[in-house]
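Dear colleague,

Please find below the structure that I am handing over to you.

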Amino acid sequence: MNAIEEANAAPIDQAGKRRMAVRWVACAHVLLALTLLPALMPPLLHAQDRRELLDRLVRAYPDALTGHDDTTITWRDGTVMPVDDGVVGKPFDQMLRNASILDQMRLSYPSGPAAPPAPNADPGRFRNEAFFKKMYGDCNTDEVRRNLVTIIWLPRSWGKPVQVTRVNGVAERLKQVSAEIDALAPGCAPPPFRSPVCCRVAPSPIPAG
């Protein structure tokens, strides 16, 4: 809902299979793109003001958020987080590097038949790191690992275990995605994962064109 690298179609050697013991550290950025944002963003981004944006954000994460006051969101553990950094007219590349929570919702996901995108039309690309770390944990620590569960990815056509976060029901939703892909006609399904998605520091972003 963006950063899963699809696997190479070449067969995986035996050593690779053993190394792969498949621990898929499902980092926040990838998970949100795959699951929550496509469902959340179309109505959310057509809202006319920040109050409606934040109302819908809170409703989208009832297990994590308790409310907002138009300038901050409040987490269930009492943490208060600002939703805006006060920077007006922020250029695209700055939003890529330093997005606020509201910046994340500036671009809407289109509905219906897709037209060729305009330059920098890339919904879901702006990410507020503090928000995602708070939601899913820091992938450099055990915060992410303790919420991982194992699912079987593409059980009919590949059938290998991968580990995915259970936060926000991501694992269950990804199982549904896997089943839908498996039901496609032969040759339509993507190749299996070659390796897990790993915690990494992203390089300086390049504006989409």
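**Findings from the predicted model**

The accessible surface of the chain comes to about 12000 Å², and 53% of this belongs to carbon and sulfur atoms; areas were computed by the Shrake-Rupley method with a 1.4 Å probe, and for residues only the protein chains shown count as cover. The model is predicted, so local features need pLDDT of at least 70 and side-chain atom pairs count only at pLDDT 80 or more, while totals for chains, interfaces and linings use all residues. Residues are numbered from 1 along each chain as its sequence is written, and side-chain values use heavy atoms, leaving out hydrogens and water.

Of the 209 residues, 39% count as buried (under 20% relative accessible area; exposed is over 50%, and partly exposed in between, with a 1.4 Å probe and protein chains only). The chain holds 8 helices and 5 strands, in the order α-α-α-α-β-β-β-α-α-α-β-β-α. These are DSSP runs numbered from the N terminus: H or I of at least four residues for helices, E of at least two for strands.

**The sheet and its helices**

An open sheet of 3 strands has the order 1-2-3 with antiparallel pairing, where pairing requires at least two DSSP bridges between two strands. Strand 1 (65-68) and strand 3 are its edges, each pairing on one side only. From one strand to the next, the twist averages 25°. Strands 2 and 3 are joined by 3 bridges, and Ile 73 has Met 81 in strand 3 as its bridge partner. Helix 4 lies across strands 1 and 2, running at about 170° to strand 1. Helix 6 also packs on the sheet, touching strands 2 and 3, and its direction makes about 15° with that of strand 2. Axes are lines fitted to C-alpha atoms, for helices over the stretch in contact, and angles run from 0 to 180 degrees between N-to-C directions.

**The core**

The largest nonpolar core has 29 residues; among those touching the most other members are Leu 57, Ile 73, Trp 75 and Phe 131. Such a core is a set of buried Ala, Val, Leu, Ile, Met, Phe, Trp, Tyr and Cys residues joined through side-chain atoms within 4.5 Å. Helix 4 (50-60), strand 2 (72-75) and helix 6 (129-136) are among the elements giving it two or more residues.

**A loop residue**

Gly 86 sits in the loop between strand 3 (80-82) and helix 5 (92-97). Gly 86 is exposed, with a relative accessible area of 57%.

With kind regards

Technical notes
Contact = heavy atoms within 4.5 Å.
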